[in-house]
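Below is a short note for a colleague who has not seen this structure before. The points are numbered and can be read in order.

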Amino acid sequence: IRMAKIKKEQIRDYNKFVSFLKKIKIGNYFIIAVGGGIIYGGFKLYQTFSKNLSSSENQLINIFVYIIGIGVMITLFGLGLILKDFHSFIMAVLSKTLWKIKKNMFTFSLIEVKTDISLFNDIFLTYLLLVGIAVPAIAAPLTMQNGILEDSYFMSGSDMYINNYNKVNSSIRNEIEALPEVVDICNVSQVDAMFGGRQLNLLVIQNASDFYNTVYKPSERFFKNWDDIIPQLDNEKEIIVSSNFKFFFDISEMKYLFNDIEVKIIDEFDYFPIIYPYGPRESGGTPMIVLTESNYEKIEESLTIFGIFGYRLLINVADKTDIVQFSSSLEEKYNLEIINVVEKEHEIYQSNLPFYSSIVSIFVFSLLICTISIIFTSMSNPLKILQRRMGKHDILKKMGIPNKLIIQMSSFELFMIGIFPGLIGGTAVGFTITEIIRRVLRSLREEMLPNPIQFPLVVALMIFLVIPAIFFSIFYITMKMQFARYQPMNLE
């Protein structure tokens, strides 16, 4: 008897193992492996050839980007198929558990779905892929655009600037300042110096008020309390420093002595327009100081000056001014070298992200395919449900349940089993893809600011409320119109 029991347990364990292996579809993992291989190959090709191509041959890079895009789509599809099988397993376990806990209309709907879960799996997979593509299709380009625009303003310092302003005639400067398109102007320069045996860079601004009205204002995540700190630079012997200044000069208090002149440190920064250090600099890079010309004159004799460079005349123009056109007119009129933020942004796209348009087109094409797919699924799925559930619907009618309630029950099951899990899974997949894209782009261009993922609230409402509501309405109306056609026959 003992031997028989042991043998029976061994057979049962073996059957469970075989059943588990049957549920694992190797083909889905193979699809992911193929997609991952294509992504890796495309990325390696991009890294190999991008450095050797001239600006005129940058279009060739788009081929590698399309290869990576195809790999991403294949990988996402394979992942969707795996999540589809996982979804079936979760719904089966959840429905059985909830039915045992409490028996009501909600748990009855779930336990009923268990027998024909495949009808709702297609809806789940479709919404998973739709949202999984829609989120990065919108968030990735917005994140890239906002990040590059902010990079451009950080590097330029303002809407536009004149290089080597120290060589510009003062009368021209006054004429530019008097133009109606100009809000304010401010001259800045950078000083390469040494103090106490340590290298030091200084950003010298004309005065705090003009600088505040002219320079680009960073967002709170890069410089907190900008509106309070910058005007204080006009105070005597007050400066702001980079976050690594205290480390290099070994101080713990918010003050420092340049020989016998004590200055007050009113704030620290990691990122600052014009000098634009790339990230937190607790121990690396050259320490930096931002101060006004009057305060610079007080400590100038304490420093060993190697050179003064980066002379700029920052120009802040009115909001409705065409920056490119106004910049061109100034160049023609005064024969000056003027660099504007729009040209700087375009330069970044051309030199660092020539494949931007390719990424957008891949997402748009994929999104179009998924939208067509979900429209077709929303219209065909009700017919499949009515065909497969004629017997069940007949039993429900015999129990006295009206047609309207049967349709509402199927619609509720669709939302709870198909749409809602698809939205959740698609959101997770979509933001994961967006974050991967953001990190890859930062690795390709190290000086990019660490901008967060941009996802407008209006777009979020469209994806997660309006579009599901539209397709759910299509499903409900289609089922209501076709219900009479698949009316259960009497069993008498």
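Is Asn295 buried or exposed? With a relative accessibility of 3%, Asn295 counts as buried, where buried means under 20% relative accessible area, exposed over 50% and partly exposed in between, for a 1.4 Å probe and protein chains only.

1. Basis. This is a predicted model, in which local features need pLDDT of at least 70 and side-chain atom pairs count only at pLDDT 80 or more, while totals for chains, interfaces and linings use all residues. Residues are numbered from 1 along each chain as its sequence is written, and side-chain values use heavy atoms, with hydrogens and water left out.

2. Overall make-up. The protein has 16 helices and 9 strands; these are DSSP runs numbered from the N terminus, helices being H or I of at least four residues and strands E of at least two. Of the 492 residues, 46% are buried. Among contacts (heavy atoms within 4.5 Å) with a separation of 6 or more, 80% are between residues 24 or more positions apart.

3. Asn295 and Lys237. Asn295 belongs to helix α10, residues 293-299. Not counting residues up to four places away in sequence, Asn295 touches Leu233, Asn235, Glu236, Lys237 and Glu238. A polar atom of the Asn295 side chain lies 2.7 Å from the backbone nitrogen of Lys237. Lys237 itself sits in the loop between α8 (226-229) and β4 (238-242). Its phi is near 60 degrees, a positive value in a residue other than glycine. Lys237 is partly exposed, at a relative accessible area of 32%.

4. Asn340. This residue is in strand β9, residues 338-340, and is buried, with a relative accessible area of 0%. Its side chain makes a polar contact with the side chain of Ser327 at 3.4 Å. A polar contact is a pair of N or O atoms within 3.5 Å; within protein, one must be able to donate a hydrogen and the other to accept it, and residues adjacent in sequence count only if both atoms are side-chain atoms. A polar atom of the Asn340 side chain also lies 3.1 Å from the backbone nitrogen of Val342. Leaving aside neighbours within four places in sequence, Asn340 is in contact with Asp159, Met160, Ile323, Val324 and Ser327.

5. Asn335. The loop between α11 (323-334) and β9 holds Asn335. Asn335 counts as exposed, at 70% relative accessibility, and has a positive phi near 55 degrees, in a residue other than glycine.

6. Helices α5 and α16. The axes of α5 (residues 118-156) and α16 (residues 457-482) come within 11 Å and cross at roughly 150 degrees. That makes α5 roughly antiparallel to α16, since angles over 145 degrees count as roughly antiparallel, under 35 as roughly parallel, 65 to 115 as roughly perpendicular and the rest as oblique. The contact is made by Tyr127, Val131, Ala134, Val135 and Ile138 of α5 and by Val459, Ile463, Phe464, Pro468, Phe471 and Phe472 of α16.

7. Ser411. Helix α15 (residues 403-444) contains Ser411, which is buried at a relative accessible area of 2%. Leaving aside neighbours within four places in sequence, Ser411 is in contact with Phe472, Phe475 and Tyr476. Ser411 and Phe472 are 61 residues apart in sequence and 7.9 Å apart in space, C-alpha to C-alpha. The backbone oxygen of Ile407 lies 2.9 Å from a polar atom of the Ser411 side chain.

Notes
Axes are lines fitted to C-alpha atoms, for helices over the stretch in contact, and angles run from 0 to 180 degrees between N-to-C directions.
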